[in-house]
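Please look through the structure below with the following numbered points at hand.

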Amino acid sequence: MKPIEEILKEDESKSYKDRVTFLREFRDSLTNLSVDSHTIIQALCSDSDTSELISNNLKYVILEYSAFSYTSIHMLLDALIRNHDWESLKNELKENIEEERGSMTRNIPHLEMMRRGYSLELGIDTDSYVPSFVTQNFLNRMTKIFRHNDNAYSAGALLAFEGTAIQEFHIVEKIVNKYCNIKDIKISEDSLTSLYIKGHKDFEIGHENHLYDAIAPYINEDNLYNFSVGYLHVCVSMSTWWNQLSTECMLVLIDEEAILKKVHEPEIEKKFKKK
């Protein structure tokens with residue numbers, strides 16, 4: 001991965017519209033931000049592999065992503081708290097937060113739909129799950145990004161956050177469907193799990209488009225660079241995290257396959273017995 005300054009040298013556009021086009025193209029070039037090239041999808045979601053080991057890895061990824069989902073709304077709140085004077089962006093953030101709290105889902109928060117759906121329908125308890133060090137490190141980095149005081153930087157991060165979420169929920173859907181297939185779990189289209197995933201696939205497109213319009217009045221040549229850095233920080237952080245999770249899954253596979261049939265330990269106690 002090139003340093004962000006080097007990436008931005010590849011684009012000479014000075015308008016908000018043209019710069020966003022460039023940034024989206026960069027986002028789409030990252031392997032782990034696309035469902036078609038995602039390393040975990042490639043490794044764990046082939047039609048032929050239905051082993052218990054694969055299902056355990058899929059459960060691990062579902063739990064790790066749930067930790068991100070629990071933290072996401074706090075990232076939006078952090079960005080809102082630090083935005084004092086970009087009114088249209090502030091209003092869009094408030095609307096998105098209200099949607100997360102259930103304004104479009106009969107006043108049932110999205111996180112509650114996920115929590116209950118995963119628990120009742122998949123048999124996966126997210127309440128007491130402690131995420132891996134890899135995910136905790138990622139969440140700390142993302143929290144730091146959204147607590148930045150520069151409005152342009154925060155705006156770029158928010159646009160990337162909503163833009164990457166569009167593909168993310170297609171990725172999550174494939175992972176959940178594969179897990180259900182292996183476990184022979186049937187979930188209907190009106191199940192909480194299905195409504196949670198499908199709803200986000202639809203919501204996020206609107207969120208990105210509305211954020212794009214809300215940010216547009218405030219970006220100029222003076223703050224275009226900071227806006228771009230915020231966008232790239234989120235994209236690179238997300239892609240890196242997914243790659244690290246993929247590596248963790250491969251290590252679990254290696255660990256499981258390396259279990260020995262019989263462990264031979266040196267009998268050191270014999271050296272202390274009297275002859």
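Among contacts in the protein between residues at least 6 apart in sequence, what percentage join residues at least 24 apart?

1. The answer is 82% of those contacts, where contact means heavy atoms within 4.5 Å. The model is a predicted one, in which local features need pLDDT of at least 70 and side-chain atom pairs count only at pLDDT 80 or more, while totals for chains, interfaces and linings use all residues. Residues are numbered from 1 along each chain as its sequence is written, and side-chain values use heavy atoms, with hydrogens and water left out.

2. The protein has ten helices and zero strands, with helices (H or I, at least four residues) and strands (E, at least two) taken as DSSP runs and numbered from the N terminus. Along its principal axes the C-alpha trace spans about 85 × 45 × 35 Å. Of the 275 residues, 50% count as buried, a word that stands for under 20% relative accessible area, whereas exposed stands for over 50% and partly exposed for values in between (1.4 Å probe, protein chains only).

3. The largest nonpolar core holds 79 residues, of which F68, M142, F146, F227 and W242 touch the most other members. Such a core is a set of buried Ala, Val, Leu, Ile, Met, Phe, Trp, Tyr and Cys residues joined through side-chain atoms within 4.5 Å. Helix α8 (residues 151-183) gives the largest share of this core, with 16 residues.

4. Two packed helices are described by the angle between their axes and the distance between the axes. Helix α4 (residues 52-82) and helix α5 (residues 87-100) have axes 10 Å apart and pack at an angle of about 155°, the axes being lines fitted to C-alpha atoms, for helices over the stretch in contact, with angles that run from 0 to 180 degrees between N-to-C directions. α4 and α5 are therefore roughly antiparallel to each other (angles under 35 degrees count as roughly parallel, over 145 as roughly antiparallel, 65 to 115 as roughly perpendicular and the rest as oblique). The contact is made by I73, L76, L77, A79 and L80 of α4 together with K90, L93, K94, I97 and E100 of α5. These residues divide into seven nonpolar, no polar and three charged, where Ala, Val, Leu, Ile, Met, Phe, Trp, Tyr, Cys and Pro count as nonpolar, Asp, Glu, Lys and Arg as charged, and the others, Gly among them, as polar.

5. Helix α7 (residues 133-146) and α8 have axes that come within 9 Å and cross at roughly 130°, which makes α7 oblique to α8. Here M142, I145 and F146 in α7 meet Y153, A157, L158 and F161 in α8, and the residues of this contact divide into seven nonpolar, no polar and no charged.

6. Y16 is found in helix α2 (residues 16-29) and is buried, with a relative accessible area of 10%. Leaving out residues up to four places away in sequence, Y16 touches several residues, including L159, I215, I219 and F227.

7. Y231 lies in helix α10 (residues 224-257) and is buried, with a relative accessible area of 0%. The C-alpha atoms of Y231 and G156 are separated by 4.2 Å, although the two residues are 75 residues apart along the chain.
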